Amino acid sequence: MFERLFGATDIEQLHYLQVRVIISIISVAVDLLFMEGAIFTLIMMFVWGWAAAKALFGITTIGVIFSRDLFTRALLFALYATVSCACGLFCAALGFGRYIYLLIKRAKGLI
C-alpha cells in the first residue's frame with residue numbers, strides 16, 4: 001500500500017514524504033500562530049488526498065464536471081472536495097507515521 005501512495009522504494013518514499021511533512025508542519029504552524037482559521041491546513045489535506053480521491057472517482061468525474069447541468073457540477077465538486085479532504089486526513093496520518101518509521105530505519109542504517 002505504501003508503494004502505491006508514496007513511492008516504490010524506501011528512499012523514494014522518504015524524499016516524497018519529507019517535502020509534504022515539512023510543508024504540512026509549516027501550514028499548521030501558520031494557522032496556529034495567526035489564528036485565521038485552518039485554511040492552510042485544509043489546503044494541505046487536499047494536497048495529501050488529491051491522488052486518493054482521483055483514484056476513487058476516476059476519469060468519469062471530469063466528464064460530469066464539464067457537463068451542462070450546473071447542479072450536477074456543484075454537487076460533484078462538493079462531494080469531490082469532501083472526499084479529498086477525508087482521504088487527505090487518512091493519507092496524512094499514514095504519511096506522518098511512515099515518515100517517522102523511515103527516519104528511524106535510516107538512523108539504524110537499514111536504508
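Is Met-35 buried or exposed? Met-35 counts as exposed, at 70% relative accessibility. Exposed means over 50% relative accessible area, buried means under 20%, and partly exposed lies in between (1.4 Å probe, protein chains only).

## Basis of the model

This is a predicted model, in which local features need pLDDT of at least 70, side-chain atom pairs count only at pLDDT 80 or more, and totals for chains, interfaces and linings use all residues. Residues are numbered from 1 along each chain as its sequence is written, and side-chain values use heavy atoms, with hydrogens and water left out.

## Helices and overall form

The protein has five helices and zero strands, giving the pattern α-α-α-α-α along the sequence. The radius of gyration is 17 Å, well over the 13 Å that the globule rule gives for 111 residues, so the protein is more spread out than a compact globule. This radius is taken over C-alpha atoms, and the rule is 2.2 Å times the number of residues to the power 0.38. Helices are DSSP runs of H or I with at least four residues, strands are runs of E with at least two, and both are numbered from the N terminus.

Along the principal axes, the C-alpha atoms fill a box of roughly 55 × 35 × 15 Å. Of the contacts with a separation of 6 or more, 65% come from residues 24 or more positions apart; a contact means heavy atoms within 4.5 Å.

## Surface and burial

Buried residues make up 29% of the 111 residues. The protein exposes about 7,600 Å², and carbon and sulfur atoms supply 75% of that area, which is computed by the Shrake-Rupley method with a 1.4 Å probe.

Met-35 sits in the loop between α2 (10-34) and α3 (39-57). Its C-alpha atom is separated by 26 Å from that of Gly-97, 62 residues apart along the chain.

## The cysteines

How many disulfides does a search of the whole structure find? The search finds zero; a disulfide is a pair of cysteine sulfur atoms within 2.5 Å. For Cys-87, the closest cysteine sulfur is in Cys-91, 6.2 Å away, which is too far for a bond.

Cys-87 is buried, with a relative accessible area of 16%. Cys-91 also counts as buried, at 5% relative accessibility.
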